[in-house]
Amino acid sequence: MSNHTLSCQIITPVGIIYENEKVDSATLNTESGEVTILAGHIPYFASLNEGILVIRFGKDEEAFAIGSGYVQTDGKSLKILASSGYGQKEIDENNIKEAIKSAEETIKSAPSEKERSEALAVLRRSTLGLKLIKRKKIH
């Protein structure tokens with residue numbers, strides 16, 4: 001591995017969803033704000049917010065929608081532990097739009113606070129999916 005790259009893993013409850021030994025940078029949303037991690041970064045550990053994670057390697061990049069979790073690096077390796085995660089290739093725009101519509105209807109008519117909260121969580125995750133789709137269309 002070159003001194004200018006990181007090994008990177010994204011780990012969710014279903015297992016390792018991404019692994020790359022030659023990552024140039026990763027940009028993600030922490031509780032303190034957006035951070036970009038490069039090779040040689042000082043040791044770092046932070047809580048992640050739900051958001052879009054962008055991993056760059058060479059002239060390419062991959063983006064993921066990830067749930068809350070943690071990020072850890074020692075400057076040589078990067079581990080992202082997230083409650084959920086999926087890449088751009090795994091998204092179906094029609095399913096996302098349908099989930100948003102259903103969640104919005106449930107929020108309006110939810111008989112309990114629990115159902116309303118669950119619908120809000122679906123809406124939040126689906127909105128991240130739409131951001132990921134829009135990012136795919138731009139790049």
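**Side-chain contacts and a helix face**

Tutor: In this predicted model, Lys114 and Glu118 form a salt bridge, with 3.9 Å between their closest N and O atoms.

Student: Where do Lys114 and Glu118 lie?

Tutor: Both residues belong to helix α2 and stand four residues apart, about one turn of the helix.

Student: Is Lys114 buried or exposed?

Tutor: Lys114 is exposed, its relative accessible area being 60%. Glu118 has 43% relative accessibility, so Glu118 counts as partly exposed.

Student: How many salt bridges does the structure hold?

Tutor: There are three salt bridges in the structure. One of them joins the side chains of Glu50 and Arg124, at 2.7 Å from N to O.

Student: Which parts of the chain does the pair of Glu50 and Arg124 link?

Tutor: Distant parts: Glu50 is in the loop between β5 and β6, whereas Arg124 is in helix α2 (residues 113-138), and 74 residues separate the two. Glu50 is partly exposed, at a relative accessible area of 26%. Arg124 is partly exposed as well, with 45%.

Student: What about Glu61 and Arg56?

Tutor: Their side chains also meet in a salt bridge, with an N to O distance of 3.4 Å. Glu61 has a relative accessible area of 28% and is partly exposed. Arg56, at 30% relative accessibility, counts as partly exposed too.

Student: Changing topic: how many aromatic pairs does a search of the whole structure find?

Tutor: The search finds two aromatic pairs. In one of them, the ring centres of Tyr18 and Phe64 are 5.1 Å apart and the planes meet at 65°.

Student: Why is the pair of Tyr18 and Phe64 edge-to-face?

Tutor: The angle decides it: planes over 60 degrees apart count as edge-to-face, and the planes of Tyr18 and Phe64 are at 65°, so this pair qualifies.

Student: Which strands hold Tyr18 and Phe64?

Tutor: Tyr18 sits in strand β2 (residues 15-23) and Phe64 in strand β7 (residues 60-66), so that the pair links distant parts of the chain, 46 residues apart. Both Tyr18 and Phe64 are buried.

Student: And what form does the pair of Phe45 and Tyr70 take?

Tutor: Phe45 and Tyr70 are stacked, with 5.5 Å centre to centre and 15° between the planes. This pair also links distant parts of the chain: Phe45 is in strand β5 (residues 44-48) and Tyr70 in strand β8 (residues 69-73), 25 residues apart.

Student: Is Phe45 buried or exposed?

Tutor: Phe45 counts as exposed, at 56% relative accessibility.

Student: Which residues form a nonpolar patch on the surface?

Tutor: Phe45 and Tyr70 form the patch along with Leu81, and together the three have about 320 Å² of accessible area.

Student: On to helix α1. How many residues has it?

Tutor: Helix α1 (residues 93-109) has 17 residues. From first C-alpha to last, the helix reaches 25 Å, close to the 24 Å expected at 1.5 Å a residue.

Student: Which residues are buried in α1?

Tutor: Ile96, Ile100, Ala103 and Ile107 are buried in α1. They cover an arc of only 70° around the axis, so they lie on the same side of α1.

Student: What does the face turned away from the buried side carry?

Tutor: That face of α1 carries the exposed residues Asn94, Asn95, Glu98, Lys101, Lys108 and Ser109.

How values were computed. Residues numbered from 1 in each chain as written. Predicted model: local features only at pLDDT ≥ 70, side-chain atom pairs only at ≥ 80, totals over all residues. Heavy atoms only, no water. Phe/Tyr/Trp six-rings, centres within 6.5 Å; stacked < 30°, edge-to-face > 60°. Buried < 20%, exposed > 50% of the residue type's maximum accessible area, 1.4 Å probe, protein only. Patch = residues over 30% accessible without salt bridge, like charges linked within 9 Å, V, L, I, M, F, W, Y side chains within 5 Å. Areas by Shrake-Rupley, 256 points an atom, 1.4 Å probe, with all protein chains shown as cover. Salt bridge = Lys/Arg side-chain N within 4 Å of Asp/Glu carboxyl O. Expected span 1.5 Å × (residues − 1). Arc of directions from axis to C-beta.
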